[in-house]
Amino acid sequence: MREITSKDNKIVKLCEQLAARKYRDRLGLYLIEGENLLEEAVQEGAAVETVLIRRDCRKIPPGLEDRTYILGDGLFRKLSLTDTSQGSLAIVKKPEVSRKALLEQGAAGNFVVLDRLQDPGNIGTIIRTADAAGYGLVAVMKGTADVFSPKVVRAAAGSLFRVPVVFMNDYDELVTFVRAAGVKLAATCFDTDRYYYEEDLRENVALIIGNEGNGISPELIGRADIKIKIPMAGSIESLNAAVAAAVLMYETVRQRARQGEMCHTSGNH
């Protein structure tokens with residue numbers, strides 16, 4: 001393994017650039033940090049381009065030795081994304097996701113739409129929950145915070161390596177994709193008498209999660225096929241975006257499990 005000692009090294013400079021969204025967008029690269037995340041990236045086939053490890057950290061996933069560099073404590077600390085680093089940092093290439101290929105492969109199924117969300121913790125948590133709940137895709141509307149920012153990557157905890165992410169420039173583009181996939185748009189709003197558990201959310205639903213402060217765009221609500229609400233007691237008007245997303249996505253899991261139970265019971269007669 002080679003050692004980098006200069007703060008002017010081109011790899012060090014690249015890592016510094018990737019702290020900003022404009023460079024992540026321009027270069028198609030992003031940063032991950034931590035042994036566990038690096039191991040998961042390798043396991044899931046992510047394109048790890050460069051690995052940087054602190055001098056006292058020698059744990060390197062097999063196959064990455066030729067692209068690994070050692071950094072002294074001070075230089076590594078300069079690049080670290082966290083206060084208590086595990087001592088490993090990597091530059092990863094963003095996955096290339098083709099909407100056309102997704103449709104050809106049969107993109108029908110449940111997925112989640114992020115409509116102008118801003119909080120990195122919410123975004124990462126929603127992506128992780130989508131992965132856990134069996135949602136196969138995340139559609140990101142223009143105006144949403146960068147899903148490849150360090151805070152989102154940490155909150156997603158590896159799910160970005162598994163869940164395809166597609167980016168939509170406007171609502172027309174989203175609706176065109178949704179219709180081509182044979183999927184219905186589902187929006188939470190006040191203008192409905194239907195609770196989320198009264199609708200069939202098992203399959204072919206694109207669940208919209210709106211901006212933390214303003215909710216889902218009225219234009220998008222107007223184009224939704226399904227309008228649902230979550231019961232609220234007292235004077236509470238809404239839930240945190242990630243919490244609401246978890247409630248709704250796990251309703252899909254519950255309904256699918258219930259359907260399986262019914263089919264199993266029916267098969268015993």
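**Entry 1**

I looked up Glu251 and found that, at 4% relative accessibility, Glu251 counts as buried, where buried means under 20% relative accessible area, exposed over 50% and partly exposed in between, with a 1.4 Å probe and protein chains only. The model is a predicted one, in which local features need pLDDT of at least 70 and side-chain atom pairs count only at pLDDT 80 or more, while totals for chains, interfaces and linings use all residues. I number residues from 1 along each chain as its sequence is written, and side-chain values use heavy atoms, with hydrogens and water left out.

Which residue forms a salt bridge with Glu251? I found Arg254, with the closest N and O atoms 2.7 Å apart; a salt bridge here is a side-chain nitrogen of Lys or Arg within 4 Å of a carboxyl oxygen of Asp or Glu. Arg254 is partly exposed, with a relative accessible area of 43%. Both residues lie in helix H10 (residues 241-267), three residues apart, about one turn of the helix. Helices (H or I, at least four residues) and strands (E, at least two) are DSSP runs, numbered from the N terminus.

**Entry 2: other salt bridges**

I then took the total, and by this rule the count comes to 22 salt bridges. Lys78 forms a salt bridge with Glu16, the closest N and O atoms being 3.2 Å apart. This pair links distant parts of the chain, with Lys78 in helix H4 (residues 73-79) and Glu16 in helix H1 (residues 10-17), 62 residues apart. I noted that Lys78 counts as partly exposed at 46% relative accessibility, and that Glu16 counts as partly exposed at 29%.

In another pair, the side chains of Glu199 and Arg194 meet at 3.0 Å, N to O, and Arg194 is partly exposed with a relative accessible area of 36%. I also recorded a network of salt bridges that links Glu40, Glu44, Asp131 and Arg162.

**Entry 3: the tyrosines**

By the ring rule I count four aromatic pairs: rings of Phe, Tyr and Trp (its six-membered ring) pair if their centres lie within 6.5 Å, and planes under 30 degrees apart count as stacked, over 60 as edge-to-face and the rest as tilted. Tyr196 is buried, with a relative accessible area of 15%, whereas Tyr197 is partly exposed at 40%. Tyr195, Tyr196 and Tyr197 form one aromatic cluster.

**Entry 4: helix H3**

Which residues of helix H3 (residues 35-43) are buried? I found Glu35, Leu37, Leu38 and Ala41. They cover an arc of only 165 degrees around the axis, which puts them on the same side of H3; the arc is that of the directions from the helix axis to the C-beta atoms. On the other side of H3, Asn36 and Gln43 are exposed. The buried residues of H3 pack against strand E2 (29-33), strand E3 (47-54), strand E5 (88-93) and helix H7 (150-156), where contact means heavy atoms within 4.5 Å. After H3 I came to Gly45, whose phi is positive, near 80 degrees.

**Entry 5: the sheet**

I traced an open sheet of six strands in the order E8-E7-E6-E10-E9-E11, with parallel pairing; two strands pair if DSSP finds at least two bridges between them. Strand E8 (165-168) and E11 stand at the edges, each with a single partner strand, so one side of each is left without a neighbour in the sheet. The twist averages 25 degrees from one strand to the next, with axes taken as lines fitted to C-alpha atoms, for helices over the stretch in contact, and angles running from 0 to 180 degrees between N-to-C directions.

Helix H8 (residues 171-181) packs on the sheet and touches E6, E7, E8, E9 and E10, and its direction makes about 125 degrees with that of E9. Helix H6 (residues 120-132) lies across strand E6 (111-115), strand E7 (138-141) and E10, and runs at about 170 degrees to E6.

I followed strand E9 (residues 184-188) to strand E10 (residues 205-210), with which E9 pairs in the parallel sense over three bridges, and Lys184 stands opposite Val205 in E10. Three bridges also join E9 to strand E11 (residues 226-228), again running parallel, and in E11 the bridge partner of Ala186 is Ile226.
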